[in-house]
Amino acid sequence: MISIHKRLYNGITRLLKRSPSEPRPSSPSVSVPKDLADAHIIPRAQHPISRKHIHRYALKVLYRLKDGGYDSFLVGGGVRDLLLGMTPKDFDVATNAKPEQVDGLFRNCRLIGRRFRLAHIHFGRYIIEVATFRANKAAAEQVSDQGRILRDNHYGSLEEDAQRRDFTINALYYNIADYSLVDYCNGLADIEARLIRLIGDPEQRYQEDPVRMLRALRFSAKLDFDIEESTQAPIKQLGGLLKDIPPSRLYEETLKVFLTGHGSKSFILLEHYELLIYLFAPSCKLFHEDNYREFVLKALDNSDQRVNENKPVIPAFLFAVLLWPAVDKRRQPTEKEPNAYNALARAGADVNQAQGQCVHIPKRTAQTMREIWQLQLRLEQMPRGKRGKQTLHHQRFRAAFDFLMLRVTLEPELQTAVDYWQEQQKHMPAQPHPAEESPDDRPKPKRRFRRRRKPAKPSTP
Ligand code: ATP
Ligand code: MG
């Protein structure tokens, strides 16, 4: 492993140590598409990405497109992470084949997306996303009053495709035709400098798609990169644009921010750039009261650790934690609602409803989250006998117990209940972790694999 890292690092270093006067390396033996003429091309010998590190399904897709007569590139996080010696989360492919042409090449292809049509090539649960080169021209034509892109189903050249991507480090292409790297936006230099830099005018790019602000912070946390000055400058001022993003899209983005192994770092960045309010409106102001911030960071550290140990984590637990400050503050029994269980249920429902205005939590996840909260009261009561047994066997016991342990940060006196349940668990079979106990709560593959008979013959572009 060390040698792979070293090789990758040396490769980039060697590449970037070329003096500016040195001609750009390009291999004359390689036929490059016409629109590559202006690109910085780094031949295979001068970069460290090897096919050994690319998932076999991604290679399969890349080669099938190439053999079908199309341009075929690996792009985005796959290239970026391989250059950094990291294991990519997924592999994205870019091509000049239109979605329908991609569909014609693969029996296991599904076309998805309204705003922009994409091809998903399914290999069981594994999906390779194939996007046709896209131009950003539509930005000028079909934007909302705030400048947000509403539709941009305009295909373009490879160069245009590079320009419409978000950050320079995400706009590097690996060409399966000759294994070279194509760099239109100085992405390699930014990888070397460890910088997140938007392509184009930052304000305009955030206005087109405000989610890029969250992505900038996410990549900064994940890669431990700085955010280049002009890329970070408008974030605080433009944060409000996130209010226009559909709550379901923000839900997906929130999962990527918090459940991929760098949640606590992301939280601190979101806090610094004042974006938490757009993700967790009901509890945002409370993060600085009592010990809620410490409680949240501890929970995020725990789930980061789980992710990094390849253990599963569930969205319900994450939201139960991040919304707890708001629920906790509202759950006190009142004259009107003297029953503590009902008061907590009401607080939970109110908070969930308020949360739905910014980030929509799917029903099943919200249900699990409420169960975790509701069980807190029972755990605090430490029931014995039949009720104690029922509690221990409750489907959400383990999640609720983990939650109770975290609450000790807020209420040290809960340690007694934690010790009690720890003792009780010694007398019963081990419970699975919340993420393991309810497979239905975990994100599902986007679509089921559907087998269709299709001619394997490509039509030339
Ligand atoms: P990871 O998969 O590790 O989260 P990634 O960079 O691959 O990182 P994806 O969401 O998989 O991120 O997107 C793939 C690529 O698509 C990105 O690298 C980027 O080039 C482009 N992209 C994604 N979202 C946007 C966006 N909002 N604006 C512009 N380009 C984007
Ligand atoms: Mg990706």
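Buried residues make up 41% of the 461 residues in the protein; a residue is buried if 20 or more other C-beta atoms, placed from the backbone, lie within 10 Å of its own. The model is predicted: local features need pLDDT of at least 70, side-chain atom pairs count only at pLDDT 80 or more, and totals for chains, interfaces and linings use all residues. Residues are numbered from 1 along each chain as its sequence is written, while chains are lettered from A and ligands numbered from 1 in the order in which they are written.

The protein has 23 helices and 10 strands. These are DSSP runs, numbered from the N terminus (helices: H or I, at least four residues; strands: E, at least two). Among contacts with a separation of 6 or more, 69% join residues 24 or more positions apart. A contact requires C-beta atoms within 7 Å.

Eight strands form an open sheet with mixed pairing. Their order is S1-S8-S7-S2-S3-S6-S5-S4. Strands S1 (40-42) and S4 (109-112) stand at the edges with a single partner strand each, so one side of each lacks a neighbour in the sheet. Neighbouring strands are turned by 30° against each other on average, direction ignored; the angles are taken between axes fitted to C-alpha atoms. S1 pairs with S8 (residues 181-183) in the antiparallel sense over three bridges. Pairing requires at least two DSSP bridges between strands. Ile42 has Leu181 of S8 as its bridge partner.

Around ligand 1 lie 13 residues, each with its C-beta atom within 6 Å. Gly76, Gly77, Arg165, Asp166 and Asn170 come nearest. The shell has eight charged (Asp, Glu, Lys, Arg), two nonpolar (Ala, Val, Leu, Ile, Met, Phe, Trp, Tyr, Cys, Pro) and three polar residues (the others, Gly among them).

Note on methods
Buried ≥ 20, exposed ≤ 12 C-beta atoms within 10 Å, placed from the backbone. Contact = placed C-beta atoms within 7 Å. Axes fitted to C-alpha atoms, helices over the stretch in contact; angles between N-to-C directions.
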